[in-house]
Amino acid sequence: MINTMEEVSPVMETPMAQPFLLERRVHQRKSTVSVLKSKLKQNVTCSGPRVRSTLTGFFPVVRWLPKYKLKEYIWGDIMSGLIVGIILVPQAIAYCLLAGVQPIYGLLTSFYANIIYFLMGTSRHVSVGIFSLMSLMVGQVVVREVFLAGFDPNEDSTPSGLVVLNDTLDTNLTDDTVLTVEVMGMQCGKECYAISVAAAVTFLAGVYQILMAVFRLGFVSVYLSGPMLDGFATGASFTILTVQAKYLLGLKIPRHQGYGTVVVTWINIFANIHKTNLCDLITSAICIAILVAGKEIQDRYKDRLKIPLPTELIVVAGATLASHFGEFNTNYHSSISGHIPTGFIPPQVPAFSLMPRVALDAIPLAVISFAFTVSLSEMFAKKNGYTVRPNQEMLAIGCCNVVPSFFHCFTTSAALAKTMVKDSTGCQTQLSSLISALVVLLVLLFFAPFFSALQKCVLACIIIVSLRGALRKFKDVPAKWRASWNDAIVWLVTMSATALISVEIGLIIGIVFSMVCIIYKTQNPKVSLLGRVSDTDLYEDLEEYKNLTPPPRIKIFRFQAPLYYANKDSFLKSLYKAVGVEPFLELTKRKKAEKKGKDMSKKQAKTNGEKNNCDVFIGLVQRELEFHTIVLDCSAIPFIDSTGMATIKGLVKEYKEIGVSTLLAGCNTLVIDILQKGQIFGNNEKNMSNYLFYTVHAAVLHANQASTAAESRSEDSTV
């Protein structure tokens with residue numbers, strides 16, 4: 001029950017008005033057993049409508065495809081699907097460099113991911129497939145495991161693993177001592193082992209995501225703040241650029257294992273810069289110039305251009321023709337993609353023997369993949385006026401990883417750039433993903449071998465130029481700092497840790513640092529003394545607003561944070577500093593002064609032979625405080641714990657000992673319930689109406705009335 005006392009007459013002769021009390025509703029809490037029974041009955045019941053609802057929820061395509069507006073949607077879906085497919089093909093081949101696997105696996109991954117998301121996704125615009133960040137994280141695991149298995153970390157040191165995978169080891173091998181590793185009863189070469197590791201970590205990441213969906217653990221993504229994700233993506237972009245820089249120069253140096261990849265790789269690059277391949281360097285310079293020019297034209301004239309420029313495809317086609325007819329690999333020893341076979345590879349169960357080694361690596365993959373997918377889904381759904389189901393999105397992206405892992409694929413996620421292309425080219429439904437998958441299918445069936453002469457430096461150029469957006473985030477740092485220095489620091493710390501230490505450690509540091517910043521805010525919140533706006537019942541911060549009048553002999557204190565174990569000391573210190581009186585010290589001073597006064601009075605009495613001066617001296621040492629009441633404005637306290645309750649209880653008691661009343665105003669029901677459990681208002685809440693008030697103004701009126709009544713009683717007793 002909350003005190004809502006209104007304006008009362010300050011006439012001293014009248015007794016204190018009894019405040020009006022709000023009566024709380026009684027909520028009967030169901031037992032845990034009954035709640036579990038009802039949920040089990042609701043979720044386990046098997047009926048025709050229930051089965052139909054479950055299937056349509058699991059495959060949303062069954063709901064929207066029969067309602068598809070052919071004339072209205074088809075051309076936008078076909079156009080966006082074709083454009084994204086054209087962009088997807090060169091990126092699928094290029095990102096395999098990051099993942100440490102052969103180009104065929106990138107095409108397979110893009111194909112299966114688009115098909116599965118078409119069936120299971122709830123977003124109409126998200127493009128799911130190969131993403132540079134996911135490819136980098138998979139590649140770090142692959143390169144580490146390949147190195148630990150004893151293979152040469154140099155990319156060009158072994159024949160194609162696809163040959164091993166297809167059991168045609170008798171071709172293209174000149175060394176009789178080729179290292180192989182047994183995986184699932186099959187002898188695997190380097191590339192076969194690499195895709196086995198990638199498929200194993202992808203399978204586990206998908207399983208984690210499905211389990212998160214089943215147990216509805218999507219709330220995990222709330223700990224990935226926007227500034228933290230931006231900083232993480234920018235720091236990872238530095239790592240991606242660094243890993244790809246060696247291809248621009250044609251250097252054959254292994255990828256660094258462990259922490260400090262950016263620093264160590266650049267040291268190795270400069271140590272081997274005299275080995276630069278001029279053919280790769282010139283090709284890289286030309287390709288980057290064309291790609292950047294195309295991107296700039298696209299950005300400058302995006303309002304006039306109806307479709308994005310297929311710059312990547314043009315560069316890939318031109319570079320492939322130049323490399324093929326110029327025989328760059330033979331004449332200039334330029335690294336090329338190598339043979340890319342057509343058709344599909346038979347499915348294979350992921351290597352369970354490798355999963356214990358990569359189980360921890362799959363966790364950040366699962367979380368980041370899910371976080372990017374859901375955030376993009378919700379962003380574009382809000383932009384286009386529809387809703388998505390985050391739990392189904394998590395299930396969909398989990399299946400986009402689990403199912404393709406049986407077909408030699410690696411981890412996928414939603415990609416911002418391709419999603420923006422879909423949105424800007426008229427995409428209406430996920431039918432566009434099916435069109436993109438058909439474009440990739442054509443390449444898989446017919447055109448893949450034509451990319452065999454494509455230089456790796458060209459693929460590296462495509463990857464590096466695609467990082468422009470992430471690297472441009474540095475321009476936003478001053479604006480971030482002006483908007484929120486806390487967010488700017490989170491961005492800088494996460495970016496630096498990701499770039500300078502490692503991607504996984506950077507993610508952990510970013511999450512922990514973000515949470516530490518929130519804890520720091522709650523431990524050091526804004527506190528203020530309030531004053532009254534003239535002729536109103538409004539009270540605001542005296543430091544922030546002008547023309548406010550503090551009520552006489554009353555201190556109104558506002559604490560803008562939850563009150564719990566971590567900030568109780570901060571609460572007490574700030575309150576003592578604001579009101580200027582610490583009760584324990586004040587009580588100690590009074591006791592010392594009282595003792596000193598007694599001693600002095602005794603000495604003087606002995607000197608003068610008097611016995612009545614003791615009371616006079618005691619009265620002289622008792623100083624009167626500037627205030628008689630503290631009002632705690634609890635409107636900005638969302639919750640308190642048992643420690644916070646004990647803190648308030650002790651505060652009320654300590655100030656009462658020095659003659660100061662403590663009143664509570666604006667408490668929400670959660671705070672009231674905790675206070676009642678701590679019996680702050682006495683047994684059966686008998687003193688509740690004297691401590692708890694609905695508004696600050698009601699508490700001030702009560703304090704003034706109580707003070708007037710106390711003074712009146714004091715005067716009567718004196719008389």
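Biologist: Which exposed residues sit on the face of α28 turned away from its buried side?

Modeller: Leu 670 and Lys 677. Keep in mind that this is a predicted model. To read a helix, sort its residues into buried and exposed. A residue counts as buried under 20% relative accessible area and as exposed over 50%.

Biologist: Then which residues of α28 are buried?

Modeller: Val 671, Ile 672 and Leu 675 are buried, in a helix that runs over residues 669-677. Look down the axis of α28 next. The buried residues fall within an arc of 100 degrees, so they line one face of the helix.

Biologist: Now the ends of the helix. What does the side chain of Asn 668 reach at the start of α28?

Modeller: A side-chain oxygen of Asn 668 comes to within 3.0 Å of the backbone nitrogen of Leu 670. Leu 670 is also one of the exposed residues you asked about.

Biologist: And just after α28, which residue takes a positive phi?

Modeller: Gln 679, with a phi of about 55 degrees. Check the residue type when you see a positive phi. Gln 679 is a residue other than glycine. Gln 679 lies in the loop between α28 and α29. At a relative accessible area of 48%, Gln 679 is partly exposed.

Biologist: Let me try His 408. Where is it placed, in terms of the elements around it?

Modeller: His 408 is in the loop between α16 (390-405) and β4 (413-414). Its phi is near 65 degrees, again a positive value in a residue other than glycine.

Biologist: Is His 408 buried or exposed?

Modeller: Buried, because its relative accessibility is 7%. Gln 679, by contrast, is partly exposed.

Biologist: On to charges. How many salt bridges does the structure hold?

Modeller: There are 16. Take Glu 312 and Lys 295. Their closest N and O atoms are 3.0 Å apart. Glu 312 lies in helix α12 (residues 311-326) and Lys 295 in helix α11 (residues 278-300), so the pair ties together parts 17 residues apart in sequence. Glu 312 is buried at 6% relative accessibility. Lys 295 is partly exposed at 24%.

Biologist: Which residue meets Lys 526 in a salt bridge?

Modeller: Asp 541, at 3.4 Å from N to O. The two are 15 residues apart: Lys 526 is in the loop between α23 (503-523) and β5 (527-533), and Asp 541 is in strand β6 (residues 539-541). Lys 526 is partly exposed, with a relative accessible area of 35%. Asp 541 is buried, with 4%.

Biologist: What about Arg 558: which residue does it pair with?

Modeller: Asp 633, with the closest N and O atoms 2.9 Å apart. Arg 558 lies in strand β8 and Asp 633 in strand β9 (residues 629-633), so parts 75 residues apart in sequence are tied together. Strand β8 covers residues 554-559. Here both Arg 558 and Asp 633 are buried.

Biologist: Why does Arg 558 count as buried?

Modeller: Because its relative accessibility is 13%, and the cut-off for buried is under 20%. Now look at its surroundings. Leave out residues up to four places away in sequence, and Arg 558 touches Lys 526, Val 527, Ser 528, Leu 530, Tyr 539, Glu 540 and Asp 633.

Biologist: Which residues are linked in a network of salt bridges?

Modeller: Arg 144, Glu 145, Arg 357 and Asp 361.

Terms used. Residues are numbered from 1 along each chain as its sequence is written. This is a predicted model: local features need pLDDT of at least 70, side-chain atom pairs count only at pLDDT 80 or more; totals for chains, interfaces and linings use all residues. Side-chain values use heavy atoms; hydrogens and water are left out. Buried means under 20% relative accessible area, exposed over 50%, partly exposed in between (1.4 Å probe, protein chains only). Helices (H or I, at least four residues) and strands (E, at least two) are DSSP runs, numbered from the N terminus. The arc is that of the directions from the helix axis to the C-beta atoms. A polar contact is a pair of N or O atoms within 3.5 Å; within protein, one must be able to donate a hydrogen and the other to accept it, and residues adjacent in sequence count only if both atoms are side-chain atoms. Contact means heavy atoms within 4.5 Å. A salt bridge is a side-chain nitrogen of Lys or Arg within 4 Å of a carboxyl oxygen of Asp or Glu.
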